[in-house]
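Trainee: I would like a close look at one part of this protein. Please take me through it step by step.

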Amino acid sequence: MSVKVSVIVPVYNAKDNISRCVNSLLAQTLDDIQIILVDDGSKDNSFEICKSFAEKDKRVTAITKLNGGVSSARNEGLRHAVGEYIGFVDSDDFVNKDMFEMLFNKAKLNLADICICGYNTVNGDNISPHLLPYDKDVYEKDEITDNFVLSLIGADYKNKKENIGGFVWRNIYKSDIVKDLTFSEKTSIMEDTLFNINAYLKADRVAVINKALINYVYEQGSLTNHYRRNFWKEIYEVLKVKKEIIKRENLPKKAYVCFYNEVIDCLVFAVKNIKRSDCTLNKSEKDKEFKNIISSDFALEAKRNLKTSGMPLKKKLLIFLMKLNLNKIIFALM
């Protein structure tokens, strides 16, 4: 019997959460699901837990590998996926029991290459739904770039289009369009966004389910909650790839508007990173890193080219200060 959806779960030191995640997948109402657990060299007993699930249920495949990061684990999972569609779930998250049935049926009914849904953010007892900024169920080839690709590159405030985020765990993908794609193993930041951009560029039709079907568990140790060394360097490399995609795919001029808005968002993110209380840099090192960020070629291009129409007030102020080169004030305000 053919597999309808292969779900890839990267696992690293997840002994406290992996059972909840896998049980939510085993409870799916969709028949013929493949669950691929890829242990990325965990130092706890995560792989033993994965193996116990595989021994009890033939739908589960447990794989272990040397530690290489979440992209490496997802790429390993892709090599083992046999489903008509492929999905991803992180080991600390859990899904509604009808998630993959709804995604699969919607994709099949509309001959869609990708089907996307909303999600919940779970922070302790607080659950916040995040729905999608779309008013249609299906988007055709000539609509995908404007509604998905550009929105993954960055926001377009003038046209009231937000950055939709690059989360792969709320999508399923026709295996045919992702079999030649891989997650970048050169960065641990926004690797899912780059994968998504390339997937949407290959898609002929995208279906939308504007319901929250997966639960993203907000962890205090996540990306936004601790200092990361070389953070700007990694972000810069992602921005460089995004700009290369714009050129390679000959995307419309408004793609640059999205790109420069993303540069500003990343700049803010990077400066806040070095201002965190757990930052290990001394004052001189912080000053040097801030200078690298604010005087980077992308930052200079953004302040030269961006129009502030429709932009949030705080971002308008930032652009204004950047144009006046009031860098000390910028650093103090962030």
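Where is Leu324 found?

Mentor: Leu324 is found in the loop between helix 12 and helix 13. Helices here are DSSP runs of H or I with at least four residues, strands are runs of E with at least two, and both are numbered from the N terminus. This is a predicted model: local features need pLDDT of at least 70, side-chain atom pairs count only at pLDDT 80 or more, and totals for chains, interfaces and linings use all residues. Residues are numbered from 1 along each chain as its sequence is written, and side-chain values use heavy atoms, with hydrogens and water left out.

Now the surface. Leu324 is partly exposed, because its relative accessible area is 45%. Buried means under 20%, exposed means over 50%, and partly exposed lies in between (1.4 Å probe, protein chains only).

Leu324 belongs to a nonpolar surface patch of about 550 Å². A patch takes residues with over 30% relative accessible area and no salt bridge; nonpolar side chains (Val, Leu, Ile, Met, Phe, Trp, Tyr) are joined within 5 Å, like charges within 9 Å. A salt bridge is a side-chain nitrogen of Lys or Arg within 4 Å of a carboxyl oxygen of Asp or Glu. Areas come from the Shrake-Rupley method with a 1.4 Å probe; for residues, only the protein chains shown count as cover.

Now step back. The protein chain has 13 helices and 10 strands. Buried residues make up 52% of its 334 residues. The chain exposes about 16,100 Å², and carbon and sulfur atoms supply 50% of that.
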